[in-house]
Amino acid sequence: MRRSLYASTAIHAALLLWVAIGDAFSRDTVTPEFQVTGVTIMSTAEFEAMTAGVEPTPVAIETAPAPRPQPAPEPEPEPAPEPEPEPEPEPPQPQPEPEPPTPPAEVTDTIAPPAPPSGAPDLPPDDRPTARPADRVAPLPAPAPEEDVEIAPEVVQDLTEPAPAETVTEAEPETAPEEATTEIVTEAETPSGGPLGPAASVRPTARPNRPDPVETAAEAPTPTPTPDPAPAATPDPTPEPAADPLADAIASAVAEAVSEPAPPAQPSGPPLSNAARDGFRVAVSSCWNVGSLSTEAQGTTVVVGFDMDRGGRPVEGSLNLVSYDGGSQSAAQQAYEAARRAILRCGANGYGLPAESYDHWRQVELIFNPEGMRLR
Amino acid sequence: MLTRRSLLRTASALAAGSALPGLAFAQTGPLRLEITEGVIEPLPFAIPSFIARNGGAADAAADITRVVAADLRGTGLFRQIPESSHISTVTSFDAPIQYNDWRAINAQALIIGEVEESGGRLTVRFRLFDVFSGQPLGEGLQFVGAREGWRRMAHNVADQVYERITGEGGYFDTRVVFIHEEGPKNARLKRIALMDYDGANVQFLTDSRNLVLAPRFSPTGDRIIYTSYESGQPRVYMMDVANLTPRPLEAISSGNMTFSPRFTPDGGSVVFSMEQGGNSDIYRVSVSGGSRVQLTNAPSIETAPSFSPDGSQMVFESDRSGGQQIYVMPAGGGEPRRISQGTGRYGTPVWSPRGDYIAFTKQEAGRFHIGVMRTNGSEERLLTASFLDEGPTWAPNGRVLMFTRETAGADGAPAVYSVDISGRNLQRVATPGMASDPSWSPRLS
């Protein structure tokens, strides 16, 4: 009995294998064509993952693995690891449901047309219509499509050659950047659409006032300015920080952030061109006379810092020796004085630097390196 | 709590995000450019005639102004702007400086001064200004001295200006002892003479009855040691500049030929060459007496010794390798080490007062050169070339060399020249007649 049973199963298995192999051979030429369409399929899988959160992978596995699952009781461990990483993203998705819904809705809109083949039945786009959550999901969907592309080839076979596939592929790259931009814009709700840095600059000023009252309070009970504890008549200037620790924490974080960029102001105007730099360098070089320097000073490199006015003239009082290298202090002083003479002499009528780039050359540090000019 | 966390997280993210631009911005900073090419040219300076505070100082004021200007010009590092080009007229030593007027004529340094005479003594005051910086370079100084010492006062002013601008000590208030020569080439009369570095105030220290050679100043400048044939053969003599009384060094007297003397850096000893049985070696003896110490011992000619400034090493010439070359050895004796490695013959080495270079005479391919090399023989650099250049001597600041140059032919005559160690500013020193074998004194003040 068993022998017949074994024979029967062997025959059936062989038959199934033959059928499977035969199909594969017969469709070899087709698969490469559908690789492109696979991209679209993956996008639909994303929708499934986003909505049901169960199996985006099954889409790719459905066809190919179908014959294999039987002989593969062993592969069980393999599929196990796959789902493991997936479930991780899944749980967060369902929990923050409000968050994912927003971007996916937009993505689905653009991808929807190519998706119909496989995604249509699985996903209820109609249920998803949740246009409300379209806030932050945009960044997540972008990475997903790449994985799908690899898996797609076999699955595509069933889809045959829908023309929409081509259109879909084009749509993806276009839609992705658009989504990102739209969402970024939404993040900029509080500040106006202007530059990034200055947006929260108002907060920091209020912050430093806090520590003062605290210190004074410890010594003298009279401190009226304390905003939180004493809502007396004076606290008017700081109404917000009343008694909200959360707001304080946020304010402090913002204050720290704003306090750093405050000192340096982003230079405006186009950067100084190489030609302008060379012209500046040559102009100073023509006045840098090292002939009257001592041999030691001729071997001393000095860095001279100074400010320039808008006319391209060095501000006399701003010249200073930033650092020196290669000689004694007295030699550095001589070298510095020669450099100073060069800067002031050739800059007397301005260095002719472009006014629109003033922020880029308002402060200058020139390194006077006589290495190539001194005696051997 | 969740919302609070998220808010805090958002705030932190905002903080981090806003910090980034700051970091990126800090990298910009001031515009930094490196200048590696400059110019080497004389620095233009203006020196209006020093103001005479009284009638008796008028001539001295003019003379001092002229000498100060000549000192600076003579270095090759400065160029005087003629007074006819001046816009401002300095009528008072304390008047404010019209910097724009001096900038207009491109004067980078301005020297103003005044001279006052009182009771046969002169008072010279001066100030130095960096015109383009619009500020004085150092404080004003004054010198007081006898009227006849006006040249030294002028040299002192020039030394101060030179030192403040270049960072190196000046060499104007110095003297040079040399051999004054007269007569035809085959019957030359030689005398030891002394002059200011610029050829002024020549004094003869010996007469022309005896042949004299190679005078050398002591480190303090008050004594001179030289070789004389007074006894019929070369012998080392010493003379105090104050009384001009020559006397042979008794410690060296030995009946043998002694020559090529030089003081040790402390002035307490003399090193010289002595010939014995056709062989010359270098010896050392104390000026105050005592026995000779033989420093070299080789069957070859060792001569022309010179000490490093710290007295720890001695450089000399020797033909022990077959040709005339330069060697360095410990001052107390030891194994000499050859440092001259080029082709040709090297001789008369002299250690720089700064200790960084050794000057020498080189003969190669029928021509003579004055050159310098590092104390280990590296960075050899030839500064001159002629029919006959020889016997370099260092200025006290270690930047300028004097040497003898002799022209070719039956009418050939020696003269003293100076050159910067860069090889620039080669010029003849004004001497009254033919001159050779100069030796530079230390600064007198």
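The lining of the second largest pocket divides into 17 nonpolar, 11 polar and 11 charged residues. Here Ala, Val, Leu, Ile, Met, Phe, Trp, Tyr, Cys and Pro count as nonpolar, Asp, Glu, Lys and Arg as charged, and the others, Gly among them, as polar. This is a predicted model, in which local features need pLDDT of at least 70, side-chain atom pairs count only at pLDDT 80 or more, and totals for chains, interfaces and linings use all residues. Residues are numbered from 1 along each chain as its sequence is written, chains are lettered from A and ligands numbered from 1 in the order in which they are written, and side-chain values use heavy atoms, with hydrogens and water left out.

Stay with the pocket. On a 1 Å grid over the protein atoms alone, a pocket is an open set of points where a 1.4 Å probe fits, with protein on both sides within 12 Å along at least five of seven lines; lining residues have an atom within 4 Å of a point. The second largest pocket has a volume of about 780 Å³, the space filled by probe spheres set on points joined across faces, edges and corners. Its lining holds 39 residues, and R216(B), T348(B), E390(B), G391(B) and D437(B) lie nearest the centre. Strand β24 (residues 345-351) of chain B gives the largest share, 6 residues. Strands are DSSP E runs of at least two residues, numbered from the N terminus.

Next, an open sheet. Four strands of chain B follow the order β11-β10-β9-β32, with antiparallel pairing. Its edge strands are β11 (203-204) and β32 (434-440), each pairing on one side only. Strands pair if DSSP finds at least two bridges between them. Strand β10 (residues 189-196) is joined to β11(B) by 2 bridges, and L194(B) stands opposite Q203(B).

Now strand β2 (residues 43-46) of chain B. In a regular strand the side chains alternate between the two faces of the sheet. Both faces of β2(B) are covered: L43(B) and F45(B) on one side, P44(B) and A46(B) on the other, are all buried, meaning under 20% relative accessible area with a 1.4 Å probe, protein chains only. Parallel β4 (residues 78-80) is joined to β2(B) by 3 bridges; P44(B) faces R79(B) there. Parallel β5 (residues 109-118) is joined by 2, with A46(B) opposite L110(B).

Last, S133(B). This serine sits in the loop between β6 (121-130) and β7 (135-136) of chain B. S133(B) is buried, at 8% relative accessible area. Leaving out residues up to four places away in sequence, S133(B) touches E316(A), R340(A), L344(A) and R103(B), with contact meaning heavy atoms within 4.5 Å. The side chains of S133(B) and R340(A) are joined by a polar contact of 2.7 Å. Such a contact is a pair of N or O atoms within 3.5 Å; within protein, one must be able to donate a hydrogen and the other to accept it, and residues adjacent in sequence count only if both atoms are side-chain atoms.

Definitions and conventions. Buried < 20%, exposed > 50% of the residue type's maximum accessible area, 1.4 Å probe, protein only.
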